[in-house]
Amino acid sequence: MAANVSLAAPPPYDAERVRHDFPILDTMVNGHPLVYLDSAASSQRPLAVLRAVEDYETHSHANVHRGVHALSQAATAAYEGARERVRRFINARTTREIIFVRGTTEGINLVAQAYARPRLGAGDEILISALEHHANIVPWQMVCEQTGCTLKVAPINRRGELQLEEFLKLLGPRTRLVAVAHVSNALGTVLPVKRIIEAAHGFGAVVLIDGAQAVPHSRVDVRALGADFYAFSGHKLYGPTGIGVLYGREELLAAMPPWQAGGDMILTVSFEKTTYNELPWKFEAGTPNISGAVGLAAAMDYLESLGVEAIAAHEQRLLQLATAELARLPEIEIIGTAAHKASVLSFTMKGVHPHDLGTILDAEGVAVRTGHHCAMPVMTFFGLPATARASFGCYNTERDVASLVQALGKAREVFA
Amino acid sequence: MDLKELYRDVILDHNRHPRNFGSFEPADGRAEGHNPLCGDRLSVFVRMDGERVADIRFEGKGCAISTASASLMTEAVKGKDRAAIRALFDKVHALLTRSDAAPDGALGKLAALSGVREFPVRVKCASLCWHTLNAALEHGAATISTE
């Protein structure tokens with residue numbers, strides 16, 4: 001006979017309470033309460049982040065790694081403490097593997113210029129997917145121009161999923177580097193990155209994951225994934241703009257030359273010979289974004305206080321609800337119907353251009369992104385100039401979904 | 001912010017049934033306009049009779065504001081000479097951007113675009129066709145961009 005076990009259910013996720021942590025959500029837009037459905041472009045910041053930044057700027061700011069005075073020590077402790085916070089958040093082995101950058105874009109460019117450019121040449125291949133954001137296309141095109149290597153693109157299907165079979169066929173001994181999104185920003189598709197990484201490693205290729213849209217919506221463990229490089233942005237993770245992270249495996253980073261030169265990235269400088277600093281500072285020339293790092297660490301504390309898995313489950317419920325609601329509207333076509341999606345709902349409305357839709361929704365206080373989402377090849381694949389995109393964050397509610405549906409009705413009315 | 005001011009009946013009508021839509025070959029002038037922000041693209045074709053625009057067509061994909069503006073423009077400029085078109089463009093530009101722009105009888109149906117000025121991010125949608133026409137008249141063939 002089975003034991004009578006009662007498992008305590010976790011407390012239900014309370015998005016209404018979470019909303020109180022985000023003062024900007026009280027904003028009125030065009031006479032309506034703000035309905036913020038654009039977190040995939042940039043999320044809002046909770047009070048915990050705003051206060052951490054203010055506290056740092058008010059009490060602890062000086063330059064880092066430079067002074068013996070009290071404030072410089074406090075700033076250094078805050079900045080390096082933030083690095084340790086990031087390490088724990090993504091389960092990196094050591095803080096030497098955590099490079100602070102401006103954002104995902106800079107992280108990818110760093111790998112393109114400091115890893116790929118010195119190593120690749122004619123005959124070598126870089127493999128990406130057709131789902132990529134421009135920031136994970138153009139840096140590799142530049143490397144191809146610089147080195148003579150070739151860019152290969154794995155196709156997607158009509159649901160907006162990577163065609164894994166085709167991807168695997170494009171992998172080969174010439175593949176030196178694979179760069180793919182963890183989650184597509186335009187469609188929300190979750191890519192099978194663990195499988196991709198294993199397959200790429202089978203050919204000795206190094207893998208960079210663009211995690212900008214994944215880190216806010218799932219627990220990312222860079223070691224469990226086996227990623228060689230993993231880049232993400234602070235401002236999509238409820239942290240400040242202008243701060244992001246490039247994770248890199250230590251042995252790869254150690255073998256790479258610096259890519260920007262200046263203060264802090266050196267140990268000694270003479271006109272005859274300069275020696276570079278150790279990891280991670282070798283890649284952080286100049287005074288870094290200290291308050292940004294402090295804010296990002298506070299955002300990670302905040303997310304863990306809510307529970308990353310609980311947020312992800314909540315967002316999945318909203319995505320499913322919104323998908324079901326929009327699927328009932330005959331004039332709406334959902335673009336991107338992958339089996340595994342996160343946070344993002346891209347769509348078009350028959351007879352209404354996405355740009356007009358964006359204006360009409362805005363007049364109702366509903367903020368969505370309209371345009372090509374910096375993923376023009378994805379739009380071209382679907383034969384569209386643009387889509388409207390609603391994206392969900394930890395503070396969105398069923399009410400926001402209802403407001404979206406109502407505002408779409410308004411658009412239908414205007415264009416009736 | 002009043003949506004009815006932006007999406008007036010004239011605008012919605014010209015969006016749904018754009019006038020002078022299409023192309024012709026050969027053309028005395030043609031240009032392509034592109035607004036990379038929203039992906040709008042349109043081409044303008046002109047046939048000249050001396051200084052005068054004898055015929056004009058446009059084609060492309062865009063939002064309601066850009067399609068309607070292009071459609072209204074083709075009706076307004078047909079038969080006018082370059083100098084008159086330039087003067088009209090100046091009036092349209094003032095209409096789109098200046099809150100103190102007085103109603104100008106010379107604008108005719110183009111006055112329906114006055115609601116755009118309350119929506120600054122949409123001004124480029126309405127002005128793209130005019131910049132493109134300008135390029136077609138000035139250079140004969142060109143691609144222009146709002147960015």
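Trainee: How many bridges join β2(B) to strand β3 of chain B?
Mentor: 9 bridges join β2(B) to β3 (residues 52–61) of chain B, and the two run antiparallel. Strands pair if DSSP finds at least two bridges between them, so β2(B) and β3(B), with 9 bridges, count as paired. Strands themselves are DSSP runs (E, at least two residues), numbered from the N terminus.

Mentor: A caution on origin. This is a predicted model, in which local features need pLDDT of at least 70, side-chain atom pairs count only at pLDDT 80 or more, and totals for chains, interfaces and linings use all residues. Residues are numbered from 1 along each chain as its sequence is written, while chains are lettered from A and ligands numbered from 1 in the order in which they are written.

Trainee: What lies between β2(B) and β3(B) in their hairpin?
Mentor: There are 2 residues between them, and B:G50 in the turn has a positive phi of about 65 degrees. B:D49 stands opposite B:R52 in β3(B).

Trainee: Why are β1 and β2 of chain B called paired?
Mentor: DSSP must find at least two bridges; β1 (residues 29–35) and β2 (residues 40–49) of chain B have 7, in the antiparallel sense, and therefore pair. B:A31 stands opposite B:V44 in β2(B).

Trainee: What makes β13 and β16 of chain A edge strands?
Mentor: The open sheet has 4 strands in the order β13-β14-β17-β16 (chain A), with antiparallel pairing. β13 (332–335) and β16 (369–371) of chain A each pair on one side only.
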